[in-house]
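Look at the sequence and the model below.

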Amino acid sequence: MDQIRIKGGHRLEGRIPISGAKNAALPLLAASLLTDAPLTLSNVPYLADIATMLSLLEQVGVLVDVAAAPSGEAGRVVQLTASRLSSLTAPYELVRKMRASVLVLGPLLARAGEAKVSLPGGCAIGSRPVDLHLMALRNMGAVIDLDNGYIHARAPKGLQGGEVVFPLVTVTGTENAMMAATLAKGETVLINAAREPEVVDLAHCLVSMGAEIDGIGSDRLRIKGKDKLHAASHRVVADRIEAGTFAMAAGITGGSLELIGARLAHLNSVAHILAAAGFVLTETSDGILAERVGPLCGVDIMTEPYPGFPTDLQAQMMALMTVASGASMITETIFENRFMHVPELQRMGANISVHKASAIVRGVPSLRGAQVMATDLRASVSLVLAGLVAEGETVLNRVYHLDRGYERLEEKLAACSADIERVKAAA
Ligand code: UD1
C-alpha cells in the first residue's frame, strides 16, 4: 500500500488549483438516471469515490464517457446517458465501498418505479442510518421493504408529490428526495432541507435539466414534478472542503496560499473562525488568499449544518489547534464518532482530551513526526497537516482514504514548497 512521507517545517507559499467538489459531483452523477437524454458534467474531480459511482451507474445501464478537460481547464468531462436502464439494483459490493451510493435510490425509483439498493451499513465515523431517505420517499408514495440487507422500493404508478419534514438536516437525504421529486406527480415540499452549496449545485443542474424548484439555497424547497427531464450540461462547483483544508495548511505552516477557483461565500463560517485564530481569508479575482497574519491562537468551534462550521473540516481544524497558543474546545454535533484522528495526533505529541462529543486541545510548542494512519478521509488529511509542521518525518499509511477525496494532494502541496512525496508500495 502507498504511503505519504512528509518532512515538516516548510512554510507553504504559492497557488493551488481547487478541484470540483466530490460531494457535489456524486449526486450530480446520480442525477443522470432521471433522464434518457445525455447529462454532461465538467470539472469532475478524478477520485476513487467518483470511479465507484461511475461503476455503479454503468452497472445499471448508464453509458459513461470520461474525457480530459479542454486544455487549460481542470478535472474531467463526464457524459452520462441513461437511455435504457438494464438493472434496478445497486449491489452490496459497490455500496459497501461508498455510502453515497444510496444517492441512486431516489432517481432510480422516480424514473423506473422500482429500485433495489443495498443498505450501506455502518462506517468509521458513526452509524449513519438512511431512515430519513426512506421516510422522504415513503411520503412521496413509495412502498419500501428491507429485505436481505437490501432496500427494495416500489412505486409502480410513479411517485406522488408530498410534504417531507426532516427532523434533522441530512445532505444526501435532501438530495435523494429532491431528485425523486423532480419526476413525481404534483408538488413536493421539503422542510428543514440541507442548504449546503453541494445541494444548491445539484438543484441548479436539475433546473437546467428542466426541473422546477423554488427556494434553492433555503431550508424549504418546493419542487413541481415533471413528466420528463431533458439533456443538460453543468460545471461542478469548487470543493469548499478542499479549499478549507489548504487554507489550514497555509495557517499551520505560517504561509500564504492562493486557492484558485475557491469561493469565499461558501466558507464564511470558516473564515470567521480562522480570523479569530490568526489568519485571514480574502477574496481575490481568482479565488481566495489564505494568509497567516499573526500568531496562531486557540479558538472554540462547534460543527453544524451549513452555513455553520462543516464537520468535514473539524479534523483539519483540530490539527491546526494542536500548535496554537492557548486552548480550544472542538465540539462535534453531526457524527458521534468523528475523533479517530485524536490518538494519532497524540502520537505526534498533541495534547488533546476527549469528553463525549467535545475535545479540548491545549496547544503545544511543536509536534514530532511519527508513523500514523487514519480510518477516514478527513482524519487522514488532518495528519498530513500535522506532518507539515511536525519536527522530522511523518509517514502516513492507508493513503487510499485520502485518494477517496483529494485529487493529487501531495503534488499540489509539493508545488508550494512542502517536502512531501508519495512512496509507492513495493509490489
Ligand atoms: C454528507 C457528506 C459528508 C458530510 C455530511 C455532513 C456527501 C456524499 N457526504 O454525508 O461528507 O460529512 O454530509 O455534512 O455529501 N442521519 C440520520 N438518518 C438519515 C440520514 C442522516 O439519522 O437517514 C444523520 C446522520 O447519522 C448524521 C446526520 O444525520 O448524524 C447528518 O448526516 P447527513 O447530512 O445525512 O450526511 P451524509 O449525507 O451521509
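Strands here are DSSP runs of E with at least two residues, helices are runs of H or I with at least four, and both are numbered from the N terminus. Two strands count as paired if DSSP finds at least two bridges between them. Angles run from 0 to 180 degrees between N-to-C directions, with axes fitted as lines to C-alpha atoms, for helices over the stretch in contact.

The model is predicted: local features need pLDDT of at least 70 and side-chain atom pairs count only at pLDDT 80 or more, while totals for chains, interfaces and linings use all residues. Residues are numbered from 1 along each chain as its sequence is written, and side-chain values use heavy atoms, with hydrogens and water left out.

Within this sheet, strand β3 (residues 39-44) runs parallel to β14 and is joined to it by 4 bridges. S42 stands opposite R235 in β14. Contact means heavy atoms within 4.5 Å.

Another open sheet is formed by 4 strands in the order β6-β7-β9-β8, with mixed pairing. Its edge strands, β6 (89-90) and β8 (143-147), each pair on one side only. Strands β7 (residues 114-118) and β9 (residues 150-154) run antiparallel and are joined by 5 bridges. V117 has I151 in β9 as its bridge partner. Helix α4 (residues 105-112) packs on this sheet, touching β7 and β9, at about 160° to the direction of β7.

A cavity is a set of points, on a 1 Å grid over the protein atoms alone, where a 1.4 Å probe fits but cannot get out; its lining residues have an atom within 4 Å of a point. Grid points are joined across faces, edges and corners, and a volume is the space filled by probe spheres set on the points. The count comes to 3 cavities of 30 Å³ or more. The largest cavity has a volume of about 50 Å³. Residues lining the largest cavity include I18, V237, D239, R240 and H266.

How values were computed. 1 Å grid on protein atoms, 1.4 Å probe; cavity = no way out; pocket = protein on both sides within 12 Å on 5 of 7 lines; lining within 4 Å.
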